[in-house]
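Please open the model in a viewer and keep the selection panel at hand.

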Amino acid sequence: MGLSRVRAVFFDLDNTLIDTAGASRKGMLEVIKLLQSKYHYKEEAEIICNKVQVKLSKECFHPSNTCITDLRTSHWEEAIQETKGGAANRKLAEECYFLWKSTRLQHMTLAEEVKAMLTELRKEVRLLLLTNGERQTQREKIEACACQSYFDAIVVGGEQKEEKPAPSIFYYSCDLLGVQPGDCVMVGDTLETDIQGGLNAGLKATVWINKNGMVPLKSSPTPHYVVSSVLELPALLHSIDCKVSVST
């Protein structure tokens, strides 16, 4: 790590600043209620939602082939057919998908204490949101949690040639803010993208948000710092800057 002070912080969005996993679970619960009450799918409702969850986790999206709405509606269509048999039911699949999606977006909010932290941090350093994912999906989340005003710039992986952990998206982010990689800190919850990417790009520091006390695999990239909540960041940045002062 260089001897300059931190000039910019890059934040991941999903499960770092907003609880995407929790919002998604709430969406699934609404779909289960719908399938049980309106369609009388008793135990099948949960099975369908679990199948969709698996499909989402393995999702490969290629914008040239399809749009995200079609792809995700197909996840529901396949899960319903795999569970219930019979002919494909696109109409029901659409109903499930849009209920899950709208409920999920309603629950994607920036907590008040996160807003306050970002507001204070921005008085000291430049802030950039750096999120992987399909363009439409990520822009909808950004809109839903109304986080635009807290950042100097927003970079969505799906709008770039490469996503995290490719160094190019980090260099692009540095250029947007007019800073060097050695001036920047990456904060995120995913070792393979956020932390590996920050290391690949030679950032000053990487901060892993490990909410659940997960033990990483031996082969996982090693972050410079680990915190259990993004709210620990201001104190950590202060200590990084103090080290610089002592060194110089």
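Begin by selecting Asn15, Asp19, Asp189, Thr190, Leu191, Glu192, Trp208, Ile209, Asn210, Lys211, Asn212 and Met214, the residues that line the second largest pocket of this predicted model. The volume of this pocket is about 260 Å³. Helix H8 and strand S5 (205-209) each contribute at least two residues to its lining. Classified by residue type, that lining comprises four nonpolar, four polar and four charged residues.

Next, turn to the largest pocket, which holds about 1,000 Å³ of space. Its lining numbers 32 residues; to find the centre, select Arg72, Asn132, Gly133, Gln138 and Lys141, the closest to it. Then display helices H1 (20-37), H2 (44-57), H3 (68-84), H4 (90-106), H6 and H8 (191-200), each of which supplies at least two lining residues. Which helix gives the most to this lining? Helix H6 does, with four residues. By class, the lining of the largest pocket has six nonpolar, 14 polar and twelve charged residues.

S2 and S3 (residues 153-156) are paired in parallel through four bridges. Within this pairing, select Thr131, which stands opposite Val156 in S3.

Conventions: Residues numbered from 1 in each chain as written. Predicted model: local features only at pLDDT ≥ 70, side-chain atom pairs only at ≥ 80, totals over all residues. Heavy atoms only, no water. Pairing = 2+ DSSP bridges. 1 Å grid on protein atoms, 1.4 Å probe; cavity = no way out; pocket = protein on both sides within 12 Å on 5 of 7 lines; lining within 4 Å. Points joined across faces, edges and corners; volume = space filled by probe spheres on them. Nonpolar A, V, L, I, M, F, W, Y, C, P; charged D, E, K, R; others polar.
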